[in-house]
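Q: Hi! Could you walk me through this one?
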Amino acid sequence: MKTWRFGSLGIGALAMAGATLSAHHSFAAFDMTKEQTITGVVSRFDWTNPHTFIWVDVTNDKGVTESWAIEGMSPNYLGRRGWSKTSVKPGEKITISIRPLKEGKTGGMFIRAQVGDRVLMPTGTPTDER
């Protein structure tokens, strides 16, 4: 029978890896009890791991343009549901429903979006009408 021994460095590394994985998959930053809708113009679409981001310029009620960062699912997840890196393009007008950040900053977690006549859903193809 083999016995494995971990020094304090090994145990510390395992503990840190577990904490990092746990924190990465947390929704703690978002207010999961609220849904907010914003409308603006796409400035950038980051098709990157571990999460996609849609950057939207939104004019607030004071007439000031704010940059909103909307976090989406991974490219792998979205790609298997019909999305691609060109599903959202800079310059397009977009209306997005999000779970807002708890701290009140300009950002949130993607729920669904409307771009022209296309409805974008994370759980279906980009033209899913659910």
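**Strands, turns and a proline**

A: Happy to: strands E2 and E3 (residues 65-71) run antiparallel and are joined by seven bridges. Strands here (E, at least two residues) and helices (H or I, at least four) are DSSP runs numbered from the N terminus, and two strands pair if DSSP finds at least two bridges between them. This is a predicted model: local features need pLDDT of at least 70, side-chain atom pairs count only at pLDDT 80 or more, and totals for chains, interfaces and linings use all residues. Residues are numbered from 1 along each chain as its sequence is written, and side-chain values use heavy atoms, with hydrogens and water left out.

Q: Which residue in E3 does Trp 55 stand opposite?
A: Trp 55 stands opposite Ala 69.

Q: What about the turn between E2 and E3, how many residues are there?
A: Five residues lie between them in that hairpin, and Gly 63 in the turn has a positive phi of about 85°.

Q: And how many bridges join E1 to E2?
A: Five, and the two strands run antiparallel. Asp 46 has Phe 53 in E2 as its bridge partner.

Q: Where does Pro 50 lie?
A: In the loop between E1 (36-46) and E2 (53-59). A cis peptide bond, with omega about 5°, joins Asn 49 to Pro 50. Most peptide bonds are trans.

Q: New topic: is Pro 75 buried or exposed?
A: Pro 75 counts as buried because its relative accessibility is 11%; buried means under 20% relative accessible area, exposed over 50%, partly exposed in between (1.4 Å probe, protein chains only). Pro 75 is in helix H2 (residues 75-79).

Q: What does Pro 75 touch?
A: Leaving out residues up to four places away in sequence, Pro 75 touches Trp 47, Thr 48, Asn 49 and Thr 52, where contact means heavy atoms within 4.5 Å.
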